[in-house]
Amino acid sequence: MGSLPLEELMPLDPETFAGESSTVVDFLTDYYRNVNKYPVMANTEPGSIRKLLPEVAPEMGESMDRILDDVRRDILPGLTHWQSPSFFAYFPANASTAGFVGEMLSAGLNVVPFVWMASPAATELEQIVVDWMARLLGLPECFHFNGGGGGVLHGSTCEAVVCTLTAARDRALSKLGHAGILKLVVYASDQTHATFQKGASIVGIPPANFRILRTSADSGYGLTADTVQRAIEEDIARGLTPLYLCATVGTTGLGAIDRVRELGHVARRYGTWLHIDAAYAGSAAICPEFQGHLDGTELADSVSMNPHKWFLTNMDCCCLWVANPTTMTNALSTDPEYLKNVSPASKMTTDTIDYKDWQIALSRRFRAIKLWVVLRRYGAAGMRAHIRRHIRMAEWFERVVAADERFEVVVPRSFSLVCFRLRPRFMDDIAVEALNRELLAAVNASGRAFITHFVVDGKFVIRLAVGGAMTELRHVRGAWELVKEKADELLANCC
């Protein structure tokens, strides 16, 4: 179908919808069949897409076939292919058929459930789904709706961080007065995600009051209670107020695990809000053998994890649970007349949720149906198998790296993340860092895999994170063969 006369434009005609959505599904099916043929990491120059596309939007509409032709020709070559089976960078953002179907339902129904009445089923399905997830992860009853807590689906951990920091801030300022914001202190480790520093700045915490606490190899780069307690005592002696502490289960750089129970006792002792960030590794807690990493969660005020990372739920989806929802809704609630529920009072109960009061924005997506479809389609057993499969692949990679005397595993594997480096014995530290930077660049420039790096204790380390929905052991083997191939080339040139 080509462009339409303006008087005939029917943007949601069911027949057109069926035809064009089928065309897109066919396009994506072909893309997934051939995704391994694309260079995993985009190899384009900045501004290249702007050179290919017109400077102004088209005056008349174009056919879907022509649009998809342009996507194939102009857009796909400029993408980094996150669903490639050889994508091992950052952390995964894995997709699935069920996640795609759930996203289609969310986008197709296109409801905006900011208050209960705006879509009652959407609100209540969200409550059910976050309770399902809480049970699957083994979270204590205090984070379930029937236990006095509850959860919400955000788009990202960043949103969850800002909301919980806001709740903690307002809880503290209700006692200190607004001028007390200059006394509030936030604590995190040197492995904590940078989003917490950004979030603290957004809610008005002075930059000088953000404490980045050192970790070491002795604790596996996890934050210890003694370190936190010393920092808090020093701040109290200065007349400051310990506001918020982040404990991470599976840090971005190394996959480090903070000691939740020990940190929880410290937080309780000083009345500090404890947030557990399990954005990546929280998915593994669906497996009983990994739930011990969340031991002590009953001492926390909030917990978050991202199903869009490792839980087969297409972007975006972040679960946030709070033990006392009132602290958050008090900080985030608005109640203008035009948003009041218009249902008869007889239908409303004290359990009715208006999710606008659990987030930053007013509008929101129907994310619950996406996560619900994933859970329904694969079941808890299928999701456990998915997680364990990736961990077995990472275990294999760790073994072969450790067995090659030219390499070293810098920290023990954490979940499905392996951190390693090339370490020739005849090189000093400066040369080793330069060599690993070259190795990483060579691997990524090949187009056959994409991996990223981290720096810890002055060491430049290479991170390989297994987690793609299409990744099989043969792809992990291929990544290892590629690493060895490029290492051989580099060592041959430097000797």
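This report walks through the salt bridges of a predicted model and then turns to a group of its strands.

## Salt bridges

Side chains of opposite charge can pair when their charged atoms come close. In this structure, the count of such salt bridges comes to 30. Three of them are set out here.

| Pair | Closest N and O atoms |
|---|---|
| R364 and E126 | 2.8 Å |
| D295 and R261 | 2.9 Å |
| R474 and E472 | 2.9 Å |

Let us start with the pair R364 and E126, whose closest N and O atoms are 2.8 Å apart. Are R364 and E126 buried or exposed? Both residues are buried.

Next comes the salt bridge between D295 and R261. D295 lies in the loop between β5 (273-277) and β6 (302-305) and R261 in helix α9 (residues 260-270), so this bridge ties together parts that are 34 residues apart in sequence. D295 is partly exposed, at a relative accessible area of 39%. R261 also counts as partly exposed, with 29% relative accessibility.

Now for the strands, with β11 (residues 459-465) as our guide. Six of its seven residues are buried, so β11 is largely enclosed by the rest of the structure.

Strand β11 pairs with strand β9 (residues 417-422), and the two run antiparallel, joined by four bridges. Within this pairing, C419 stands opposite R463 of β11.

Strand β10 (residues 452-456) is also an antiparallel partner of β11, with five bridges between them. In this pairing V456 faces K459 of β11, the two standing opposite each other. How many residues lie between β10 and β11 in their hairpin? There are two, and D457 in the turn has a positive phi of about 50°.

Note on methods: Residues are numbered from 1 along each chain as its sequence is written. This is a predicted model: local features need pLDDT of at least 70, side-chain atom pairs count only at pLDDT 80 or more; totals for chains, interfaces and linings use all residues. Side-chain values use heavy atoms; hydrogens and water are left out. A salt bridge is a side-chain nitrogen of Lys or Arg within 4 Å of a carboxyl oxygen of Asp or Glu. Buried means under 20% relative accessible area, exposed over 50%, partly exposed in between (1.4 Å probe, protein chains only). Two strands pair if DSSP finds at least two bridges between them.
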